[in-house]
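Work through the exercises below with the sequence and the model open. Each task is followed by its solution.

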Amino acid sequence: MCSSDMSIDQKVYITKTNHSKLEKTDLINPIFGKVYADHMLRCDFTKGVWQDLKIIPYSDISISPANTTLHYASTIFEGLKAYRNIHEEIVVFRPQDNAKRMVLSASRMCMPGIPESIFMTGINELLKLDQEWITNHPGTSLYVRPFQIATDPYIGIRPSDDYTFMIITGPVGAYYSKPLKVKIETNYTRAVIGGTGFAKTGGNYAAALKPAIEAQKDGYDQLIWTDGLLHEYIEESGTMNIMFIINDTLITSPIGDTILNGITRDSILTIAKDRGMKVEERPISTSEIIQSIEQGNLQEVFGVGTAATVAHIKTIGYNGIDYELSDVKSRKYSLEFLDTLNKIKLGAIEDKFGWIHKIN
Ligand SMILES: *Cc1c(COP(=O)(O)O)cnc(C)c1O
């Protein structure tokens, strides 16, 4: 059994905490990934049905030492952000797209997909309860992390019978996007055709640690991955898709087996096309990048993802040579994309693409 869309009634049972951590938490400068809000959502897949949808105080969970996820990485996740907009409303950016992508990841990992209705009800109810964790301080948000693990206490390689879906959230401070120094990786491989690169599944990230740490030892912040076959074509960067502006054209690698289909990527492509910019989704080779740097045609390079939205890249290392790129202040396209996305999220301009989901 690889999928099941059987869903339950969407009643959420809520148990509130008696010990809120809110008072003691610095919401402006929290330590990302270490501080979690008061509650978490849980829904279990048992006997072929998603059931027991509930919100409970944030706490540790108990699993068997034989839990199949611990041994064989049956785990998938999502990442999105909730904001308090200028009208004091709580909003989430394109959550239905995260729900759909999670089902896609589940399918590749032979897990039952969480129905979009449970995913959305979960986000709505959890954010309603923990909305005081979201401030309107510029740049802050509440990071929302849905994830799903197999839970059978069984050491053997087969799809699990039972699964747990959860959502935890944690405050994120103002993101200081210091321009990045990145290395084009031509030795290690992140993903191959036929593999799991397009899925947000744990193993992809565990396997990427060693190459990233080696690059950091050489002074780079992150990697740009290349294709696993020839190490010739650009794929993506860590947890961001990557975009180039060459001769006023926005170019990015096409999505497929090996590249995660980023929601920020899609949003920026949409905004660029809407403003009449020329956009190309096509394979882009390392030699084309180096040549365009040498000819002075590479205007901007940036990573795009939920964490930073737009992360400027100022130095590219390739085959031991560091190439310095244009000054970030002069980057009119990426700065404009960032500004437009921020204004849509904060309700300062019209949400003409229907990306904003309001919690009420
Ligand atoms: C999550 C992720 C992205 C960015 O996706 P968004 O939906 O824009 O946040 C890009 N690449 C990888 C490998 C990722 O895990």
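**Exercise 1.** Find the residues with the most contacts inside the largest nonpolar core, and state which element gives the most to this core.

Solution. The model is a predicted one. Its largest nonpolar core has 34 residues. Those with the most contacts inside this core are L41, W50, F119, I123, L127 and F165. Next, list the elements that give two or more residues: β2, β3, β5, β6, α2, α3, β7 and β8. Of these, α3 gives the most, with six residues. Apart from this core lies another, of 23 residues, including I234 and I313.

**Exercise 2.** Classify the ring pair F302 and F337 as stacked, tilted or edge-to-face.

Solution. The structure holds nine aromatic pairs. In this pair the ring centres are 6.3 Å apart and the planes are at 45°. Planes under 30 degrees apart count as stacked and over 60 as edge-to-face, so the pair is tilted. F302 is in strand β14 and F337 in helix α8, 35 residues apart. Both F302 and F337 are buried.

**Exercise 3.** Which ring does the charged end of K345 sit over?

Solution. The charged end of K345 sits over the ring of F93, 5.1 Å from its centre. K181 lies over the face of Y220, at 5.1 Å from the ring centre.

Conventions:
Residues numbered from 1 in each chain as written. Predicted model: local features only at pLDDT ≥ 70, side-chain atom pairs only at ≥ 80, totals over all residues. Heavy atoms only, no water. Core = buried A, V, L, I, M, F, W, Y, C linked by side-chain atoms within 4.5 Å. Buried < 20%, exposed > 50% of the residue type's maximum accessible area, 1.4 Å probe, protein only. Helix = DSSP H or I, 4+ residues; strand = E, 2+ residues; numbered from the N terminus. Phe/Tyr/Trp six-rings, centres within 6.5 Å; stacked < 30°, edge-to-face > 60°. Lys NZ or Arg CZ within 6 Å of the ring centre and 35° of its normal.
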